[in-house]
Amino acid sequence: MTTDDDLTPRGHGPTPEIILASLLGDGAENAEVGLFIYDDDGKYVAINRYGAELLGYDRSDLLTRDVGDFTEGGIDRSVLLLRDRREGVRLVHRKDGSTVPVAFVVCSTQVSSLWFYLAVAWEIDPDDPRADSAR
C-alpha cells in the first residue's frame, strides 16, 4: 500500500518538490559543465564544482569575483543586462595564468522575485573551429 508521501516512479505521477530540488541540486553540483549564477551586477552568487575547476579557483574565491574578471576586456554591462538567451565562445583566463576557450549559454532565471543569470560553460578543444571566434 502506498501513500501520497511515497515517491512515485517516473511517468506515474508528480514527483514531490523537495525531491526535485534535491535532484536538481545534486545534478547541478556534479555536472561536467560549469554552472555559474550571477546577479545584475555580474557578481557570482553560486558556482558548481566543475565551474570552479574550469577557472582554477576555490569556490569561495569566485564568490567574491565578477563574471567579467575572466575574459579579456571584462564584460559589456549592456550585454550583461539582456534578459534574452545568449551563447557563444570566449577565451577565459584561469588562476594559473593559462587561457582556455569555452563555449557558453546564458539565460535569465527568477528565484522568488529576484532575477539572476544562469551561465552554462564547458571547455572546448583549442582545435575546434569555434575556438577561433573566442575573444
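**Exercise 1.** In this predicted model, determine how many aromatic pairs there are, and work out which class the pair of Tyr 38 and Tyr 44 belongs to.

*Solution.* The count of aromatic pairs comes to five. For Tyr 38 and Tyr 44, begin with the ring centres, which lie 6.4 Å apart, and compare this with the requirement that centres lie within 6.5 Å. Next take the planes, which stand at 90°; because planes over 60 degrees apart count as edge-to-face, the pair is edge-to-face. As for burial, the cut-off is under 20% relative accessible area, so Tyr 38, at 3%, counts as buried, and Tyr 44, at 7%, is buried too.

**Exercise 2.** Describe the pair formed by Tyr 57 and Phe 70, and find where in the chain each ring sits.

*Solution.* The centres of these two rings are 5.4 Å apart with 75° between the planes, an edge-to-face arrangement. Tyr 57 belongs to the loop between α2 and α3 (59-62), whereas Phe 70 belongs to the loop between α3 and α4 (77-80), so that the pair links distant parts of the chain, 13 residues apart. Both residues are buried. Ring pairs also join Tyr 57 and Phe 70 with Phe 36, Tyr 38, Tyr 44 and Tyr 117 in a cluster.

**Exercise 3.** Identify which residues touch the most other members of the largest nonpolar core, and which element gives the largest share.

*Solution.* This core has 20 residues, and those touching the most other members are Phe 36, Tyr 38, Tyr 44, Leu 55, Leu 62, Phe 70 and Val 92. The largest share, four residues, comes from α2. Apart from this core lies another of five residues, including Val 89 and Ile 124.

Definitions and conventions. Residues are numbered from 1 along each chain as its sequence is written. This is a predicted model: local features need pLDDT of at least 70, side-chain atom pairs count only at pLDDT 80 or more; totals for chains, interfaces and linings use all residues. Side-chain values use heavy atoms; hydrogens and water are left out. A nonpolar core is a set of buried Ala, Val, Leu, Ile, Met, Phe, Trp, Tyr and Cys residues joined through side-chain atoms within 4.5 Å. Buried means under 20% relative accessible area, exposed over 50%, partly exposed in between (1.4 Å probe, protein chains only). Helices (H or I, at least four residues) and strands (E, at least two) are DSSP runs, numbered from the N terminus. Rings of Phe, Tyr and Trp (its six-membered ring) pair if their centres lie within 6.5 Å; planes under 30 degrees apart count as stacked, over 60 as edge-to-face and the rest as tilted.
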